[in-house]
Amino acid sequence: MAEVRAPEPAPEMGDDAAVTVLGEAVVDLVQAPDGRFAAHPGGSPLNVAVGLARLGVPTTLLARFATSRFGRQLRTHAETNGVDLRHAVDTDDPATLAIAALSDDGVAAYDFYVNGTADWQWRDEELSPALTGRGILHTGSLAVFLSPGADRVADALRTARAQGTLVSVDPNIRPGLIGTPAEARTRTEHLVRLAHLVKASEEDVAWLYPGWPVEDVLRHWQDLGVTLAVVTLGAGGAVAFSGTRGFRQPAPAIDVVDTIGAGDAFTAGMLAELSRAGADWSDEDIAAALRYAVEVAAVTCTRAGADPPYRHELRGRAGGGESDAST
């Protein structure tokens, strides 16, 4: 398992968090080279929330936690990392399990056990704490695809945006669980229309839009109403479009241990920087957010499991270099 570090003092939450993360908390059973499995806290939304809290951002997680041993492990992980769980739901439904196997270059492949588990059983009243009309609301991954909860999550996003919340979505595609590419593309574009910010991986885009250049997908999402569209490129960094501007951010060269949680760490870094910038993002804000995001993701890749850095570990680091912005 990842090294346990003493958490930094939790940021003051007040009545509202700067970022609310909505979605699943999953147990990752990661297979070691000897064939044994170790249980790690995971799930994209939980990883993002922990990453934000470690970066000093007041963060609340709206998740459904099983009351089983696995569920208690997930809740404890969030709490000890300074994530606000005042609106989280406890349920007797079982925890979701993800079985992860690593390739020789540290890339994880997953099998999921999701039938009847806690994360997809949302009720409307459980989602109402997300509708504050302030800050950033982030969601994505299986929570926005799996029934019966996915439609209720989409309704919450629509209401939150109408109330003035900045909405962020990461589809974090899991083939085999969300239907055909055409079905998932329809669902994704419905979510894109509700979002100000959409971030996806190069692999997500290739599966959703086979044969499309990444830049064409980003422009398409802009046409659907997104303010900022971002695609991560692994070791190639990230590319983004906002308005008439394009941005390309290289990634630092690192020795990769594994890539578990790297995309979620990128999201946490990007949202951390954008939440500090306020509601109106300038080109400089976006470029800074991309630089910070690739640095946070790079540090995570040098560690085993989803183990994003604390804010103090990034001070004075060079990051991935200057972002290239062009018209």
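1. A quick definition first: on a 1 Å grid over the protein atoms alone, a cavity is a set of points where a 1.4 Å probe fits but cannot get out, and lining residues have an atom within 4 Å of a point. The largest cavity here is lined by Asn47, Gly261, Asp264, Ala265, Thr300, Ala306, Asp307 and Pro308. That lining splits into three nonpolar, three polar and two charged residues (Ala, Val, Leu, Ile, Met, Phe, Trp, Tyr, Cys and Pro count as nonpolar, Asp, Glu, Lys and Arg as charged, and the others, Gly among them, as polar).

2. Bear in mind that this is a predicted model, where local features need pLDDT of at least 70, side-chain atom pairs count only at pLDDT 80 or more, and totals for chains, interfaces and linings use all residues. Residues are numbered from 1 along each chain as its sequence is written, and side-chain values use heavy atoms, with hydrogens and water left out.

3. Now the helices (DSSP runs of H or I, at least four residues, numbered from the N terminus). The axes of α1 (residues 44-54) and α8 (residues 262-277) come within 8 Å and cross at roughly 45°; axes are lines fitted to C-alpha atoms, for helices over the stretch in contact, and angles run from 0 to 180 degrees between N-to-C directions.

4. Who touches whom? Ser44, Asn47, Val48, Gly51 and Leu52 in α1 meet Asp264, Thr267, Ala268, Leu271 and Ala272 in α8, with contact meaning heavy atoms within 4.5 Å. Five of the residues in this contact are nonpolar, four polar and one charged.

Methods
Helix = DSSP H or I, 4+ residues; strand = E, 2+ residues; numbered from the N terminus. 1 Å grid on protein atoms, 1.4 Å probe; cavity = no way out; pocket = protein on both sides within 12 Å on 5 of 7 lines; lining within 4 Å.
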